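Please read them beside the sequence and the coordinates.

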Amino acid sequence: MDSLTQAVLGAALQGTVLGRLQGRRALLYGAALGTVPDLDVVIRYADPVSQMTFHRGFSHSIFVLTGLALVLAWLVAWLVAWRWPDKGYTRPRLFLAFWLALVTHPILDAFTVYGTQLFWPLHLTPQSWAAVFIIDPVYTVPLLLAVGYTAIKGLQGRATSLLALALACSTAYLGFGLAGRMAAEQRFELALRAQGVTPGEVRAVPIAFNSLIWRTLAKTPEGDYYEGVSSWFDRESPEMLRQSRNLEVARVLRGSALHERLRWFTDDWLRYDIIGDSLVVTDLRMGMPGSYSFRFEMARRDPSGRWVVTQPRGWIGGGAAALFDGGRLALIWRRILDQQPPLPLAAWAAPGSGHL
């Protein structure tokens with residue numbers, strides 16, 4: 001999630017656990033701890049595939065963060081016993097506050113589609129529960145209002161209860177998102193089966209700032225994939241578009257360690273396109289037809305026509321920014337309540353619209 005959301009979540013948690021002892025400072029300390037895991041962005045890697053797949057790695061591990069919380073709790077308890085022995089802190093309470101502020105950051109990240117390595121250094125597929133969009137005001141605003149109120153009024157009386165209520169509401173919203181994802185996947189799979197298509201794998205991801213409308217994906221045994229859109233309020237089958245993943249092109253990248261890492265990180269939700277003399281690999285999980293967030297050139301054709309695997313570089317052509325243009329967002333938000341006319345998925349995916 002975005003840094004503001006992580007900061008207010010950390011502030012609300014530490015304010016709830018330590019607010020009566022630390023006062024307003026609990027909000028500040030919690031906000032700082034809530035953003036610590038994202039300090040890995042200062043590490044620069046040699047290529048964009050490494051940058052993408054090593055982000056949300058060791059700094060988002062619940063093992064690493066639990067160890068950090070233990071160290072911080074021990075240090076603060078020692079400092080308090082030395083400087084303010086009558087303050088009332090205990091190591092378990094300090095550990096709980098620090099642990100919650102730190103560990104909820106990667107757990108919340110795992111509720112988005114990007115991929116979070118919660119169990120690093122175990123080499124498990126990154127967690128990608130896709131229950132909320134990476135920026136969702138419905139999740140963030142209640143926490144922001146509660147933290148703002150307690151920052152002004154102080155953590156006395158009803159203020160701590162207000163923080164707890166905001167945390168309960170935001171957590172319930174994550175549950176709502178998970179339910180929406182499962183419902184969207186079920187609707188899409190049923191629609192495909194009604195057309196005689198047996199999907200090999202189905203997943204849904206939320207679209208643009210809400211958990212009411214979902215982008216749905218399904219792989220086929222033939223190496224194609226379906227892309228569609230589904231809303232909580234749909235009464236008819238979702239619109240969908242069949243496209244090829246062009247898996248035969250992927251043979252060019254056989255033996256490439258970075259390609260294998262990208263396959264692992266995305267759970268193999270990849271498509272391959274030959275664009276001019278470039279082989280472009282697209283992460284299908286994030287974006288829309290014509291506006292995928294992560295695309296990489298990973299091979300080039302030399303003058304003799306032979307493919308050469310190269311150091312990856314970001315591919316410019318569409319990108320996430322295309323998803324946020326006013327006209328497209330207006331169509332997407334209208335589609336939440338009204339299935340007609342359907343979204344122009346084929347037009348968005350056509351060459352020249354940002355797709356290629």
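This is a predicted model: local features need pLDDT of at least 70, side-chain atom pairs count only at pLDDT 80 or more; totals for chains, interfaces and linings use all residues.

1. The lining of the largest cavity divides into six nonpolar residues and four polar ones, with no charged residue. The residues that line this cavity are Thr116, Gln117, Leu118, Phe119, Trp120, Leu122, Leu124, Thr125, Pro126 and Gln127.

2. As for volume, about 30 Å³ of space lies in the largest cavity, and the structure holds one cavity of 30 Å³ or more.

3. Turning to a helix pair, H4 (residues 62–83) and H5 (residues 91–110) pack at an angle of about 150°, their axes being 8 Å apart, and H4 passes H5 in a right-handed crossing. On the H4 side the contact includes Ile62, Leu65, Thr66, Leu68 and Trp74, while among the residues that they and others in H4 meet in H5 are Arg91, Phe95, Phe98, Trp99 and Pro106. Sorted by type, the residues of the contact of H4 with H5 divide into 17 nonpolar, one polar and one charged.

4. Is glycine 19 buried or exposed? Glycine 19, which has its place in helix H1 (residues 3–22), counts as buried because its relative accessible area is 0%, where buried means under 20%.

5. The surroundings of glycine 19 include residues from elsewhere in the sequence: leaving aside residues up to four places away, glycine 19 touches Gln14, Ala26 and Leu155. Glycine 19 and glycine 154 are 135 residues apart in sequence, yet their C-alpha atoms are 8.7 Å apart in space.

Key:
Residues are numbered from 1 along each chain as its sequence is written. Side-chain values use heavy atoms; hydrogens and water are left out. Axes are lines fitted to C-alpha atoms, for helices over the stretch in contact, and angles run from 0 to 180 degrees between N-to-C directions. Helices (H or I, at least four residues) and strands (E, at least two) are DSSP runs, numbered from the N terminus. A crossing is left-handed if the near helix is turned anticlockwise from the far one by less than a right angle, and right-handed if clockwise. Contact means heavy atoms within 4.5 Å. Ala, Val, Leu, Ile, Met, Phe, Trp, Tyr, Cys and Pro count as nonpolar, Asp, Glu, Lys and Arg as charged, and the others, Gly among them, as polar. Buried means under 20% relative accessible area, exposed over 50%, partly exposed in between (1.4 Å probe, protein chains only). On a 1 Å grid over the protein atoms alone, a cavity is a set of points where a 1.4 Å probe fits but cannot get out, and a pocket is an open set with protein on both sides within 12 Å along at least five of seven lines; lining residues have an atom within 4 Å of a point. Grid points are joined across faces, edges and corners, and a volume is the space filled by probe spheres set on the points.
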